[in-house]
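The sequence and the three-dimensional structure are shown first, and the description follows.

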Amino acid sequence: MRIHIATDHAGLEFSRTLIDHLSNGGHEVVDHGPTDYDPLDDYPAFCINAALAVVRDQAAGVRALGVVFGGSGNGEQIAANKVEGVRAALVWSMDTAILARQHNDANVISIGARQHTVEEAVRYIDAFIAEPFSGDDRHVRRIAQLAEYERTGDIAGKGVDVTA
């Protein structure tokens, strides 16, 4: 599987460990940056580029997921979720990693590099990558509603306040 990763300065050292781990696990890793430590770097472009690459790959039929991380993972998740077609989940436990894939078909995982040990973060990422989407009708329906809103600004018949 192709795994697109991105971080900010807080996750730079972890990114190097993660690249080695994922590559040794047989994955093709694409690093969207940063490449050098800069305590004042801006993560949005790195994370957006990783998210865009995941969407492009998936549209082309390539099995791909994304991993974004920073100090808390919050900003990185927000940045990735600005890309149409991305469902980025902030993960902080094994349950959230597994459910992000099972229920939400999340295609990007976000982790706070300062919130977990390297071992914990790697376990969450491995679980996320290994877990398939359940395909249950209720989850398919809900994901379709999110995609509809993303494309149109409405979810037909669901009472979205389009006047706001």
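## Leu22

Leu22 is located in helix α1; helices (H or I, at least four residues) and strands (E, at least two) are DSSP runs, numbered from the N terminus. Because its relative accessible area is 1%, Leu22 is buried (under 20% relative accessible area; over 50% is exposed, in between partly exposed, with a 1.4 Å probe and protein chains only). Apart from neighbours within four places in sequence, Leu22 is in contact (heavy atoms within 4.5 Å) with Ile3, His27, Val29, Ile125, Asp126 and Ile129. Leu22 and Asp126 are separated by 104 residues in sequence, yet their C-alpha atoms are 8.5 Å apart.

## Basis of the model

The model is predicted: local features require pLDDT of at least 70 and side-chain atom pairs pLDDT 80 or more, whereas totals for chains, interfaces and linings use all residues. Residues are numbered from 1 along each chain as its sequence is written, and side-chain values use heavy atoms, with hydrogens and water left out.

## Helices α1 and α5

The axes of α1 (residues 12-24) and α5 (residues 118-130) come within 11 Å and cross at roughly 45°; axes are lines fitted to C-alpha atoms, for helices over the stretch in contact, and angles run from 0 to 180 degrees between N-to-C directions. Helix α1 is therefore oblique to α5, a class left after roughly parallel (under 35 degrees), roughly antiparallel (over 145) and roughly perpendicular (65 to 115). The crossing is right-handed, that is, the near helix is turned clockwise from the far one by less than a right angle.

On the α1 side, Phe14, Thr17, Leu18, His21 and Leu22 meet Val118, Ala121, Val122, Ile125, Asp126 and Ile129 of α5.

## Ser15

Ser15 also belongs to helix α1. With 2% relative accessibility, Ser15 counts as buried. Beyond neighbours within four places in sequence, its contacts are Ile5, Thr7 and Phe69.

## Nonpolar cores

A nonpolar core is a set of buried Ala, Val, Leu, Ile, Met, Phe, Trp, Tyr and Cys residues joined through side-chain atoms within 4.5 Å. The largest has 22 residues, of which Leu18, Val67, Ile125 and Phe128 touch the most other members. Two or more residues each come from β1 (2-6), α1, β3 (64-70), α4 (94-102), β5 (108-112) and α5. Helix α5 supplies the largest share, seven residues.

Leaving aside neighbours within four places in sequence, Leu18 is in contact with Ile5, Val67, Phe69 and Ile125. A second, separate core has twelve residues, including Ala6, Ala50, Val68 and Val108.
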